[in-house]
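These are my notebook entries on one protein chain. I set down what I looked up, topic by topic.

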Amino acid sequence: MYEKLSVFEDKLIELEKDLSSVEVINDSKLYQQKAIEHAEIEPIVTKYRAYKETLNSLNENKELIKEKLDDDFKDLVREEINEATKKVEELENELKILLIPKDKNDSKNVMVEIRAGAGGDEAALFAGVLYRQYVRYAERSGFRVETISSNEIGIGGYKEIVFMIIGNGAYSRLKYESGVHRVQRVPETESGGRIHTSTATVAVLPEAEDVDIEIDPTQIKFDVFRASGNGGQCVNTTDSAVRLTHIPTGIVISCQDEKSQLRNKEKAMKLLRSKLYDLKLQEQSEKESMERSSQIGTGDRSERIRTYNYPQGRVTDHRINLTSHRIDAINDGDLDEIIDALITYDQTQKIEKIS
């Protein structure tokens, strides 16, 4: 690992020379490219230099304490050795985290799809609970939510709802939510008191930009139709709803939440672009040699990842065997405990691969 760090230090010195050269300064594109590269490795080198300095100080004190010293001075040196030893361990851990390959999508907005699974109306109601949970999480995090499309069942649930969470770093936090979420509770639609098990599927996709994925307009079938359901007086009287079919993949996107056909088309294109980008990422992921255990953020979406047990007031994430007895707080969007634990687990798995 430390051989890699010395290479980063050499590279940073080279980049600093380049960024001060006339040739690079006069080439704005090249300058920007090198400036980005510099910004990416500078934190690693800064931490590495602090590590080397602390390690040198530790070794010097270890040699010093072997000499004949008075008791007071020896105690002082021992104290400095203890402090430096702890600091070296801290810096080593921080360096390992900095060396983890960065996910280029971490800073992006996300598209979230929630679909009711097994369980009929109760599954749709649970999908509604999950939707409100993520909306509250977004509000707590200072993110903004924009609905793309929805299919309500009329009693507070959704067969399907797609929405966008907008904010820097949204994907880095929410990418671990993809998978099957299970609920165990007495259904609101029943009075018998029996505990039922229902499911909903969550898919979290990074928002794709034009540079991430290029769509050939000739490969899209565009249909308009009259919207149905909520949306105001004119929603059912104009052909404002749109349906996009991507012919090569068969992906179909429908959007009718806006009164404007143009706005619905824009939202549908955003979702289509993100779905195609996600397919591309999945293909790349399958080609990589990294084991599935270190890909908990983009793993198999048919995998059951979490159970919400209402009678016992607990939420269990099965990937990391984490159980929290704060189901009401979690449903109100207080997800940081779970998300932080997932991030730590993911980082630990990746650190083991580079150590």
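Helices (H or I, at least four residues) and strands (E, at least two) are DSSP runs, numbered from the N terminus. I noted that this is a predicted model, in which local features need pLDDT of at least 70 and side-chain atom pairs count only at pLDDT 80 or more, while totals for chains, interfaces and linings use all residues. Residues are numbered from 1 along each chain as its sequence is written, and side-chain values use heavy atoms, with hydrogens and water left out.

Entry 1: I asked why strand E9 (residues 304-309) is largely enclosed by the rest of the structure. Five of its six residues are buried, so the strand is largely enclosed. I then looked up pairing, for which DSSP must find at least two bridges between two strands. Strand E4 (residues 179-185) pairs with E9 in the parallel sense, over five bridges. Strand E10 (residues 314-317) pairs with E9 in the antiparallel sense, over four bridges. I found that arginine 306 of E9 is the bridge partner of histidine 181, and that aspartate 317 in E10 is a bridge partner of arginine 306. E9 and E10 form a hairpin with four residues between them, and glycine 313 in the turn has a positive phi of about 65°.

**Entry 2: asparagine 321.** I located asparagine 321 in the loop between E10 and strand E11 (322-324). Asparagine 321 has a positive phi of about 55°, although it is not a glycine. Is this residue buried or exposed? Asparagine 321 counts as exposed, at 68% relative accessibility.

**Entry 3: the nonpolar cores.** I took a nonpolar core to be a set of buried Ala, Val, Leu, Ile, Met, Phe, Trp, Tyr and Cys residues joined through side-chain atoms within 4.5 Å. The largest core has 35 residues, and those touching the most other members are Val110, Ile114, Leu130, Tyr134, Phe163, Ile165 and Tyr308. Elements that each supply at least two residues of this core include strand E1 (110-116), helix H5 (120-141) and strand E5 (196-206). H5 gives the largest share, nine residues. Apart from this core lies another, of 22 residues, among them Leu205, Ile213, Ile220 and Leu276. I also checked leucine 130 for contacts (heavy atoms within 4.5 Å). Leucine 130 touches Ile114, His181, Ala200, Val202 and Tyr308, not counting residues up to four places away in sequence.

**Entry 4: glutamate 139.** Glutamate 139 is found in helix H5 and is partly exposed, with a relative accessible area of 48%.

**Entry 5: helix H3.** Helix H3 (residues 28-64) has 37 residues and reaches 52 Å from its first C-alpha to its last, close to the 54 Å expected. The expected span is 1.5 Å times one less than the number of residues. Where does H3 have a kink? A kink of about 35° lies at isoleucine 41, shortly before proline 43. The bend is the angle between axes fitted to the seven residues ending at a residue and the seven starting there. I listed buried residues of H3, including Lys34, His38, Ile41 and Tyr48.

**Entry 6: the whole chain.** I recorded nine helices and 11 strands. Of the 355 residues, 43% count as buried.

Key
Buried < 20%, exposed > 50% of the residue type's maximum accessible area, 1.4 Å probe, protein only.
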